[in-house]
Amino acid sequence: MTADIAGCKAALAHLDLDDNPATVKQKSRDFFWYSPVLKARMDHLTADFVVTPRNEAEVIEALAAAYAHDVPVTTRGSGTGNYGQAMPLSGGMVLHLKALDRVLKIAPGRVVAQAGAILSEIDKATRADSGQELRLHPSTYNTASIGGFVAGGSGGVGSIRWGGLRDAGNIIRLRLITCEASPRVIELTGDAIHKASHAYGVNGIITEVEAPLAPAYDWVDVLVGFDDWRAANAYAYALAHQDGVLLKELATVAAPAGHAYFLRHRKFIAPGQHLAILSVAPQSLDAVLTLTARDKGAAVLFRADRDATEGLPPAYELGWNHTTLRALRVDPEITYLQVLYDRQVLDKVTTLSGQFPDELIGHVEYVRFDGRIVGMGLPMVRFTSEARLDEIIRVHEENDCPIFNPHRYTLEEGGMKQSDPLQLSFKRETDPKGLLNPGKMIAWDDPDYDFSSGKLYLFPGMAAAE
Ligand code: FAD
């Protein structure tokens, strides 16, 4: 199957189509460079052209033309994914959804938005309409699209209360377009949502998301300091279990990260101090301060209403992948891992930090997982070589701490290291020619792939870098 790029471009010439190599390259990139492993292999990748549809009818037109001319399609929201999810592995079209940015409907407990709408813009509309906000958002709240979050993200700010994006109830409905001769519109609800959520756009293009809302609050950001890393986590773990306290964010970050990397907050943080990072509903602030005062090792370092932080970034931009982003800006050798410490978090973080004292800097996000509070680690790692990174991963796995590898661009290798039969069979229905984000679902290309090899899967489009 050879892509007829010229034919596809000619068919779509009346749409917003850009084939300037510089801008096409820019729109073919995401935050893949976070990972030294991906950076070395994906830097050269680019699409042939970018189409920016103005409405759903133009999405359908673009997909019909791609199908007719055998052209691969990689969908882009805002390109803030950090596993290379939005990078075209074999050229073709980038379908940029930024112009599908309208909030279509707001009702008690729910919002319907077009897929390209930016998360913080959705919240502006729902706050103004009825004092409501999205339950969950990534720390890229101000730049990421809701379609990109659903297709490429997993959870984030709000997960301490509401769990992950794929937990039942956190997405109400998706509207999606297939890549066929005559693209179909499919509405997914209930369990069927999992066919396309966190599927990197390999089995349909999401044009609309219906998401649940929660009451909006003027969240108060609080930083609490500790001299001891285990004590910081014991405080956070206990606080997370206080059912009467409403939090939107709860994380811990080990020294020296706070003082060394959080440059705009460093005046509040001593060099050896470990941090708990909180966003608290105003009505829960007294309770949090009372509990904090009871903890002999804890000291409130900083506290501010979200809207009165005087130019400081909000607390959630110190957490999630923003922790690593801030570290990378100071120390380009830093990368990170994603670890499930589960409920053994206190013992695991202490043991594993102890095993790699010069290489790991602890970072734990506290989240609700199947109704229980668990620690999800995003420890920063001083990168020396891929072999050493693999060794650190191996030691975590030996300690019963599963790794969700952020140095892999495929669905399977970054996740459960097995294919998702639901997503695969849906792809057969929605993308019979395999044109949507090729190379991101190993099960489609190689059903017999051996995940136990531990080696990075190399799609043919990647070979140039090897
Ligand atoms: P993109 O990067 O454009 O796309 C992501 C994936 O979804 C790609 O595979 C793309 O092809 C596909 N896609 C995009 N739109 C659609 C669509 N409409 N239909 C079908 N497929 C589509 N992630 C989290 O989950 N939680 C976090 O807290 C978090 N923090 C981050 C912090 C930093 C500093 C960075 C760099 C990344 C972070 N991420 C986080 C990853 C990423 O920012 C989020 O997942 C974000 O929601 C992605 O949205 P986007 O619009 O940028 O998607």
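Trainee: Which residue is the bridge partner of L134 in β10?

Mentor: L213 of β10 is the bridge partner of L134. This is a predicted model: local features need pLDDT of at least 70, side-chain atom pairs count only at pLDDT 80 or more, and totals for chains, interfaces and linings use all residues. Residues are numbered from 1 along each chain as its sequence is written, and side-chain values use heavy atoms, leaving out hydrogens and water.

Trainee: What makes β7 (residues 132-134) and β10 a pair?

Mentor: Two strands pair if DSSP finds at least two bridges between them. Three bridges join β7 to β10, so the two strands pair, and they run antiparallel. Strands themselves are DSSP runs of E, at least two residues, and helices are runs of H or I, at least four, numbered from the N terminus.

Trainee: Which other strands pair with β10 (residues 205-215)?

Mentor: β6 pairs with β10 over five antiparallel bridges. There, A113 stands opposite V209, and V112 has E210 as its bridge partner. Strand β8 (residues 173-177) is also joined to β10 by five bridges, again antiparallel. I177 stands opposite I205 in that pairing.

Trainee: How do you know that β10 is mostly covered?

Mentor: Buried means under 20% relative accessible area, exposed over 50%, and partly exposed in between, with a 1.4 Å probe and protein chains only. Ten of the eleven residues of β10 are buried.

Trainee: And why is β6 (residues 110-114) called largely enclosed?

Mentor: Four of its five residues are buried, so the rest of the structure largely encloses β6.

Trainee: What makes β5 and β6 a hairpin?

Mentor: β5 (residues 103-107) and β6 pair in the antiparallel sense over four bridges. Two residues lie between them. A107 has R110 of β6 as its bridge partner. In the turn, G109 has a positive phi of about 80°.

Trainee: Which residues have a positive phi although they are not glycine?

Mentor: D342, at about 60°, and D370, at about 50°. D342 is found in strand β16 (residues 339-342). D370 lies in the loop between β18 (363-369) and β19 (372-377).

Trainee: Are D342 and D370 buried or exposed?

Mentor: D342 has 19% relative accessibility, so it counts as buried. D370 has 64%, so it counts as exposed.

Trainee: Why is α8 called roughly antiparallel to α12?

Mentor: Axes are lines fitted to C-alpha atoms, for helices over the stretch in contact, and angles run from 0 to 180 degrees between N-to-C directions. The axes of α8 (residues 229-240) and α12 (residues 345-355) come within 10 Å and cross at roughly 160°. Angles under 35 degrees count as roughly parallel, over 145 as roughly antiparallel, 65 to 115 as roughly perpendicular and the rest as oblique. So α8 is roughly antiparallel to α12.

Trainee: Which residues make the contact?

Mentor: Contact means heavy atoms within 4.5 Å. From α8 come W229, R230, N233, A234 and Y237, and from α12 come V345, L346, D347, V349, T350 and S353.
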